[in-house]
Amino acid sequence: MDFVLEQLVNGLTLGSLYALVAIGLALVVGVLRLINFAHGDLFMVGGYLFFLARLGGETPYGVAVVATVAGMALLGYAFERAVIERVLDKTWRVQLVATLAISIIIVNAFIYMWGLNPKMAPTPLAGRFLELGMIRIAAQRLVIFVVAPVAFMAFSMFLQRTRTGRAMRAISQNREACLVVGVDPHRIAGVTFAISAGLAGLASALIVPLYSVQPLMGTLLTFKALAAVIMGGFGQIKGALLAAYVLGVAEAMAAGFLSSSYADLVSFGVMVLVLLLRPQGLFGRKVGI
Amino acid sequence: MSATILRLWWIGAVAAVLLALPAIVRVGAPGMSNYLLNNYGIGSLVWVAFALSYDLSVGHAGTVTLAHPAFFGIGAYTAAVLSTGTHAPFLAAVVVAVVLAGAAALVVGALFFRLSDVFFAIGTLGVAFMANIVAVNWQSVTKGALCITQIPHPQGAADLTGRYYLILAIAAVTALVYVALTRGRVGRALAAVRGDEGLAQTFGANPFVYKMLAFVTGAMLAALVGVFQAHHISVVCPDTLGTFYTLNLLIIVFLGGVGTMRGVVLGAVLFTIIPELARFAQVLAQLVYGVVLLVVVLYAPDGVEGVLQRALHRRRGPVSIWGRETAGDPAEPKT
């Protein structure tokens, strides 16, 4: 029983990571109709930013988190202005190859600068374990379980309550009508990417203390996030969020009860099944994000 | 008429140079003839054949598959397992590998051609990741990350010159299949499917059949190249099947000119030769290629072939398929 609980904790950790990355991807898909094949690499960049921000443990954890998220948001905005802006009105094929090219550039630039050896950025909380009933759990995981839901709620409030958030939802529902009433798609695109990259940065700052950073760690994550976005109904944020947790728990259970080496096959298998049997996603189709 | 004769002259001249290349390098650069033949000759031809097999789908059927190296890897692993386990001859490995890759491509195609454009790309990206994971973990057959080593050179063509002529023959076969599928009736049907599937259907060209034709043929050719590569470099590792080669293929095809044979061949040769000449570190080369790919796809989607055609034939406007597409493809509404 405690083994199941342990795997559940692992799964929820993994799910939180997938969710933070997947909702950023779903936001871009929903608002801009663009699939960013370099999205997972933003998580990797965030990891290095967090590593730098920690200054080997000099900076308090909270400050490093805020610095990472803010830094990634700025980078995301600049990235949209410099590159994504140029592919937004192109066809899906051009967008696909362009974002893959960006992924090659980012990954190899980081291999060139940092090498392939993983960098550790531990926090005191990652090394402290708490006894919770039958299981031992790293305090860092509790931080993740608190911060991730708070981030989801803040994000949801932003989309529901603020003018910019409403504009994003409106664009995702009807682009032409938004142009008519004077929503500036140029500005929305920049903000969308800032938020998307900021969420990826938050994921890095939460998860990296438990593991390490390495230039290649984003590539498979891009695919996992895509799987969650497809399962959740293409471009729907709440669907992607739920699907990400389902994927995370399913993978942890597969790793615990079958074989850790084939756990990665789970997300692929589930995604294929969803694409073939329920292409509208697990939770049904609706309009907009 | 004169254009046809000129073209025949060209083909003859290129074929003569390629056939005489081992003799040329031996006479011209006796000290480094092996290096030149291996890194420039064989290296280029492997990528020429591999990239042409890829361009059948990407450049002609219009389907962007990201799983192409999986079929190359099936070929390489089949050759590795057969030749180290049972000492099967090269031709036997070719037959088994091509059949296996064709069957695998049929399954992948049957699953994913039901999906539209970008979902097909995502599905095949998953296939590439999964093929890599299986190769790493199926250790009883693939030896996992330890790689299969000491694969013998092909019998009857074991020395470098022999292997050069072998890959030259494979590249020639690939080029012939490429021409057969992209010209004439089949070529026009592929172009129709690429432009507008619904319209192609109403004119009697079943999109599923033609996309599958390009996909499966490309997979079988890739497996053929994979068999050669395994016997040539004597080692096969799991990253053969992953996405690393996919990115290289995209770079070659775009640098050269999507959907144009001369362009793809030039792209493959440039891709092989430039890093050899510049003595780039592998990582730096990949970084530069990434930038080149981005610039090409955004600003010069015709690649080198587009530049050539404008210079040689005073041609204006887009040349390659993707160049035309970015200029405004009526088949795909922009959102």
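Author: A residue is called buried if 20 or more other C-beta atoms lie within 10 Å of its own, exposed if 12 or fewer do, and partly exposed in between. Keep that in mind as we look at this predicted model.

Reader: How far is Asp117(B) from Gly62(B), in sequence and in space?

Author: They are 55 residues apart in sequence, and their C-alpha atoms are 8.7 Å apart in space.

Reader: How do you know that chain B is as compact as a globular protein of its length?

Author: We compare two values. The radius of gyration of chain B is 20 Å, and the globule rule gives 20 Å for 335 residues, so chain B is as compact as a globular protein of that length. Chain B has 15 helices and zero strands, and its C-alpha atoms fill a box of roughly 55 × 45 × 40 Å along the principal axes. Buried residues make up 51% of the chain B total.

Reader: What does the same test say about the radius of gyration of chain A?

Author: A compact globule with 289 residues would have a radius of gyration near 19 Å, and chain A has 19 Å, so the two agree. Here the box filled by the C-alpha atoms is roughly 60 × 45 × 35 Å, and 50% of the residues in chain A are buried. Chain A has 12 helices and two strands, in the order α-α-α-α-α-β-β-α-α-α-α-α-α-α along the sequence.

Reader: Which share of the contacts in chain A joins residues at least 24 apart?

Author: Among contacts between residues at least 6 apart in sequence, that share is 79% in chain A. For chain B, residues 24 or more positions apart account for 75% of the contacts with a separation of 6 or more.

Reader: Why is H8(B) called roughly perpendicular to H10(B)?

Author: Look at the angle. The axes of helix H8 (residues 184-195) and helix H10 (residues 207-233) of chain B come within 10 Å and cross at roughly 115°. Angles of 65 to 115 degrees count as roughly perpendicular, so H8(B) is given that name relative to H10(B). Their crossing is left-handed. Ala189(B), Leu190(B) and Val193(B) of H8(B) make the contact with Pro207(B), Tyr210(B), Lys211(B) and Ala214(B) of H10(B). These residues divide into six nonpolar, no polar and one charged.

Reader: And at what angle do H10(A) and H12(A) cross?

Author: They cross at roughly 35°, with axes that come within 9 Å, and this crossing is left-handed. Among the residues of H10(A) that meet H12(A) are Leu220(A) and Ala227(A), while Val270(A) and Leu275(A) are among those on the H12(A) side. The residues of this contact divide into eight nonpolar, one polar and two charged.

Reader: How many residues of each chain are in contact with the other chain?

Author: There are 36 from chain A and 38 from chain B. On the side of chain A that touches chain B, helices H3, H4, H10 and H12 each supply at least two residues. The largest share, 15 residues, comes from H4(A).

Reader: What kinds of residues make up that side of chain A?

Author: The side of chain A that touches chain B divides into 25 nonpolar, four polar and seven charged residues.

Note on methods
Residues are numbered from 1 along each chain as its sequence is written. Chains are lettered from A and ligands numbered from 1 in the order in which they are written. This is a predicted model: local features need pLDDT of at least 70, side-chain atom pairs count only at pLDDT 80 or more; totals for chains, interfaces and linings use all residues. Helices (H or I, at least four residues) and strands (E, at least two) are DSSP runs, numbered from the N terminus. The radius of gyration is taken over C-alpha atoms; the globule rule is 2.2 Å times the number of residues to the power 0.38. Two residues are in contact if their C-beta atoms, placed from the backbone, lie within 7 Å. Ala, Val, Leu, Ile, Met, Phe, Trp, Tyr, Cys and Pro count as nonpolar, Asp, Glu, Lys and Arg as charged, and the others, Gly among them, as polar. Axes are lines fitted to C-alpha atoms, for helices over the stretch in contact, and angles run from 0 to 180 degrees between N-to-C directions. Angles under 35 degrees count as roughly parallel, over 145 as roughly antiparallel, 65 to 115 as roughly perpendicular and the rest as oblique. A crossing is left-handed if the near helix is turned anticlockwise from the far one by less than a right angle, and right-handed if clockwise.
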